[in-house]
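Here are my notes on this model, as promised. Have the structure open while you go through the points.

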Amino acid sequence: MTDGYYTSGEFARKANVTIRTIRFYDKQGILKPSRVSEAGYRLYTDEDFGRLQKILSLKYLGFSLEEIMALTIHDDRGDMAHSLKLQKELIRKRIRHLEMMEQTLENTSRMVEMSGAIDWNDILNLIHITNMEHAVVEQYKTSVNINARIELHRRFSHNPVPWFAWIAGQIPFEHMERILEVGCGNGQLWQQVEPEILAKKDIHVTDISSGMVEDAAEILRKSGRTGPVFETEDCQNLSYGDGMFDCVIANHVLFYVKDIYAALGEVRRVLKEDGVFCCSTYGKAHMREITLLVQEFDPRIALSDVALYELFGLENGQGILEKIFPKVEKAMYEDYLLVDEAEPLLEYIMSCHGNQGEILGNRQKEFKRFLQRKIEEKGGIRITKMAGIFVCGGQPEAEDSRVRRKAGAG
């Protein structure tokens, strides 16, 4: 090491990897040298070594090169702390699943030793748990994406009442005893509800993703909210009995559902006769400036494969819901973002469901500079928010079979 710099060979030896690995990450744009000498030698620093450790950890944990790029583009110490926390959470979840695998193997071995027979249910359970290994990584990446989107709104929204607090304010909890949330995500809604209210209600917080349910349970437990029951449920095929709930909540969920009328039929089924369904969504103009920004940088970028508001949005949601619920009312959330930092905007964009990861690739630093220039030119980027909630209720006008037939006709 000379003058605070390592050559490629020294850097590789320090990290216990090959020079070929270092050159590969350089070529992919994931880890560039801090500088190149006049003689053409690539030179690295201790800060680069910290970034390399992060890259190697994420690679071991199953992240793709595109995802590693997104998670290592930032060099500040705060991001490193976030990275270490992310790695710790992934390892913790993997340990939990490995312990489950170990217990299943012990049970199966004990049974073979005692009776010479194998319980194939245990073997199938072992296979199931093993397959969950990949799902853990996939789920946590989903959770990271959700957190990036929530964080942008939390930091840069103009409305002093945050979105989840506003949603909670639309629900008359005092008149409800049994409440079901479908598609809970990381449980943000319930952090806005007073713990004593949760303790007095029968609340079921659900998601189709078991990983999301685990995250929500842990987050709420840490915040002292211990009332809800956490369960994995598909809103298109709920396991609950008829007429169980006073209220069902679906916050930005219905446009992800494969069969929206199957989901709405299930919601209507599990609601009491005078029950209330609260479902939020957004409209065509929501966050449109972000789409314009990315397409100005590269017109090939599409942040979503489909326009979700066309599946269930503020413009068409009432018509869809009225096929199931006689009474549907809409309330709008007035807000906008004023973003004056490039980094959280980049994280939001990279968290979307489109092709931006593939197209930006190793151009993310260039794109970040583009965003910073736009922010400086305009003194901050104003972003439209167009979101709201439908509150539904009333008695169905026909028997269930007729309601489903009517819904399918639309």
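1. Start with the helix pair: the axes of helix H11 (residues 288-297) and helix H14 (residues 342-350) come within 12 Å and cross at roughly 90°. That makes H11 roughly perpendicular to H14, a label used for 65 to 115 degrees, with under 35 counting as roughly parallel, over 145 as roughly antiparallel and the rest as oblique. Axes here are lines fitted to C-alpha atoms, for helices over the stretch in contact, and angles run from 0 to 180 degrees between N-to-C directions.

2. Which residues make the contact? From H11 come Ile290, Leu293 and Val294, and from H14 come Leu345, Tyr348 and Ile349, where contact means heavy atoms within 4.5 Å. By class, that is six nonpolar, no polar and no charged residues. Ala, Val, Leu, Ile, Met, Phe, Trp, Tyr, Cys and Pro count as nonpolar, Asp, Glu, Lys and Arg as charged, and the others, Gly among them, as polar.

3. Some ground rules. This is a predicted model, in which local features need pLDDT of at least 70 and side-chain atom pairs count only at pLDDT 80 or more, while totals for chains, interfaces and linings use all residues. Residues are numbered from 1 along each chain as its sequence is written, and side-chain values use heavy atoms, leaving out hydrogens and water. Helices (H or I, at least four residues) and strands (E, at least two) are DSSP runs, numbered from the N terminus.

4. Now the seven-stranded sheet, which is open and mixed in its pairing, with the order E6-E5-E4-E7-E8-E12-E9; two strands pair if DSSP finds at least two bridges between them. Strand E6 (229-232) and strand E9 (327-333) are at the edges with a single partner strand each, so one side of each has no neighbour in the sheet. From one strand to the next, the twist averages 20°.

5. Two helices pack on this sheet. Helix H9 (residues 210-222) touches E5 and E6, its direction making about 170° with that of E6. Helix H10 (residues 260-270) touches E4, strand E7 (245-251) and strand E8 (271-282), at about 145° to the direction of E8.

6. Have a look at E5. Strand E4 (residues 178-182) pairs with strand E5 (residues 202-207) in the parallel sense over four bridges, with Leu180 opposite His204 and Glu181 opposite Val205. E5 and E6 are also parallel, over four bridges, and Val205 has Phe230 as its bridge partner in E6. Five of the six residues of E5 are buried, so E5 is largely enclosed by the rest of the structure; buried means under 20% relative accessible area, exposed over 50%, partly exposed in between (1.4 Å probe, protein chains only).

7. What hand does the β-α-β unit of E5, H9 and E6 have? That unit is right-handed: with the strands pointing away from the viewer, the path from the first strand over the helix to the second runs clockwise.

8. Val267 sits in helix H10. Is Val267 buried or exposed? Val267 is buried, with a relative accessible area of 2%. Leaving aside neighbours within four places in sequence, Val267 contacts Val248, Phe277 and Phe325. Gln236 is 31 residues from Val267 in sequence, with 8.5 Å between their C-alpha atoms.

9. Finally, the three-stranded sheet is open and antiparallel, in the order E1-E3-E2. Strand E1 (6-7) and strand E2 (35-36) are its edge strands, each pairing on one side only.
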